[in-house]
Amino acid sequence: MGKLRVLIRKYYDILVYLFFGVLTTVVNYIIYLPCYNLLHLSAAVSNAIAWVVAVAFAYLTNKPFVFKSFDWSAKTVVPELAKFVGSRVASGALETAIIFVTVDLLQWNGNVMKLITSVLVVILNYVASKLLVFKK
């Protein structure tokens, strides 16, 4: 049990990020899947809509819980939010481009490709948030 606590402490930041990353992915899917499968919007459009909701959720959870940034003053939030959204725009654009090419153009399975690209996006977003947005 002691070794487990040591590991949790050592990797706490990554574990918490992964937890909220999974929740953000769930939020993303809750929006993407009905847009794509029920409303029959294109995969790229469905992804863009889901991205907007997921980024809002991610900022509101990552700021206090993952990166321990508790200052909600405009002086802090405005530049922080701009960097957060800016870094997410890059990964979101990459994800949407991959989805557009593989699903909308090549007709690959939209649900499977969404899952595959989500893994890439979670990794890219963690690195961007750690290095650019919530750096200490």
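**Exercise 1. Find the salt bridges in the whole structure and place each one on the chain.**

*Solution.* Start with the total: a search of the whole structure finds three salt bridges, where a salt bridge is a side-chain nitrogen of Lys or Arg within 4 Å of a carboxyl oxygen of Asp or Glu. A word on the ground rules: this is a predicted model, in which local features need pLDDT of at least 70 and side-chain atom pairs count only at pLDDT 80 or more, while totals for chains, interfaces and linings use all residues. Residues are numbered from 1 along each chain as its sequence is written, and side-chain values use heavy atoms, with hydrogens and water left out.

Step 1. Asp-13 and Lys-68 pair through their side chains at 3.8 Å, N to O. This pair links distant parts of the chain, 55 residues apart: Asp-13 sits in helix α2, and Lys-68 in the loop between α3 and α4. Helices here are DSSP runs (H or I, at least four residues), numbered from the N terminus.

Step 2. Lys-63 and Glu-80 meet at 2.6 Å, N to O. Lys-63 belongs to helix α3 and Glu-80 to helix α4, so the pair ties together parts 17 residues apart in sequence.

Step 3. Glu-95 and Lys-114 form a salt bridge at 3.1 Å, N to O. Here helix α4 supplies Glu-95 and helix α5 supplies Lys-114, 19 residues apart.

**Exercise 2. Sort the residues of these pairs: which are buried and which are partly exposed?**

*Solution.* First, the scale: buried means under 20% relative accessible area, exposed over 50%, and partly exposed in between (1.4 Å probe, protein chains only).

Step 1. Asp-13 has a relative accessible area of 32%, so Asp-13 is partly exposed. Lys-68, at 40%, is partly exposed.

Step 2. Lys-63 and Glu-80 are both buried. Glu-95 and Lys-114 are buried too.

**Exercise 3. Locate Asn-62 and list what Asn-62 touches.**

*Solution.* Step 1. Look in helix α3 for Asn-62. Its relative accessible area is 2%, so Asn-62 is buried.

Step 2. Set aside residues up to four places away in sequence; Asn-62 then touches Tyr-17, Phe-20, Phe-67, Lys-68, Phe-84, Arg-88 and Phe-134, with contact meaning heavy atoms within 4.5 Å.

**Exercise 4. Describe the largest nonpolar core.**

*Solution.* Step 1. This core has 15 residues. A nonpolar core is a set of buried Ala, Val, Leu, Ile, Met, Phe, Trp, Tyr and Cys residues joined through side-chain atoms within 4.5 Å.

Step 2. Helices α2, α3, α4 and α5 each give two or more residues, and α3 gives the most, with five.
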